[in-house]
Amino acid sequence: MRRIGAFGGSTALWALLAAHVAGAFEPVSVGIAIGAVSALTGYLSYTDFYCRFTECCHEERPLNTSALKLDLEEKLFGQHLATEVILKALTGFRNNKNSKKPLTLSLHGWAGTGKNFISQIVAENLYPKGLKSNFVHLFVSTLHFPHEQKINVYQDQLQKWIRGNVSACGSSVFIFDEMDKLHPGIIDAIKPFLDYYEQVDGISYRRAIFIFLSNAGGDLITKTALDFWRAGRKREEIQLKDLEPVLSVGVFNNKHMM
């Protein structure tokens, strides 16, 4: 009983001291301190603050159409069709919250016509780091898939890579260069992610973007441009409908293309 009494006395003494300590702080000061701590906690937990120090995947962030349009018009020369099609396709896709399938862009033309540059502009308008972003993935057929005897291995690795990155960021961007040199087996590995599936193995790919770059059809595009010149018509008069039929035939006859 004495020990309990001593313990009770200690408790009473602690409470008394605590009361004196609390009284030493002015109510206004305590209120300001609590307010400051609360504000700081909220600020530190805010997503945008965190994303200032590390790259984040902003799947719902709308595309800055004006910035993309300006970049295409000021940096890309002699490619009026590419500017029109990409601006329309990318804007419509990003502004559509219920897209049924991934956005697929196929850019054709000879080397040096600006296909890689266009993909760079697109990447930079989607993610500030552009091609260096963790959410933008570039594959070059002759570099990443050089050995035909390893096609099965490449297929498995590529599908796992796409699946893993889309799981981390639904609006991931995948760029495939030299499609005309890509083995058909690799194309088969990509196809399941491009169709109208709500999910594939529990993952939705409907916010992802696939960009294919190819030299296939470059000669046909050049011929069309030459025909317009011979007819006394400006290059800017060429419309997509003038190229689609001949380009479709050229791509169809190329065994490496889809």
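How many helices and strands make up the secondary structure of the protein?

## Overall composition

The secondary structure of this predicted model comprises 11 helices and 4 strands. The protein has 258 residues, and 36% of them count as buried. Its accessible surface amounts to about 16,100 Å², and carbon and sulfur atoms contribute 59% of that area.

Among contacts in the protein with a separation of 6 or more, 75% are between residues 24 or more positions apart.

Burial here means a relative accessible area under 20%.

## Neighbouring strands

Which strands pair with strand 3? One is strand 2, residues 136-140, which pairs with strand 3 in the parallel sense over 5 bridges. Within this pairing, F176 of strand 3 stands opposite F139.

Another is strand 4, residues 209-214, which runs parallel to strand 3 and is joined to it by 4 bridges. Here F174 has F210 in strand 4 as its bridge partner. Between strand 3 and strand 4 the chain passes through helix 9, residues 184-190, and this β-α-β crossover is right-handed.

Conventions. Residues are numbered from 1 along each chain as its sequence is written. This is a predicted model: local features need pLDDT of at least 70, side-chain atom pairs count only at pLDDT 80 or more; totals for chains, interfaces and linings use all residues. Side-chain values use heavy atoms; hydrogens and water are left out. Two strands pair if DSSP finds at least two bridges between them. Helices (H or I, at least four residues) and strands (E, at least two) are DSSP runs, numbered from the N terminus. A crossover is right-handed if, with the strands pointing away from the viewer, the path from the first strand over the helix to the second runs clockwise. Buried means under 20% relative accessible area, exposed over 50%, partly exposed in between (1.4 Å probe, protein chains only). Contact means heavy atoms within 4.5 Å. Accessible areas come from the Shrake-Rupley method with a 1.4 Å probe; for residues, only the protein chains shown count as cover.
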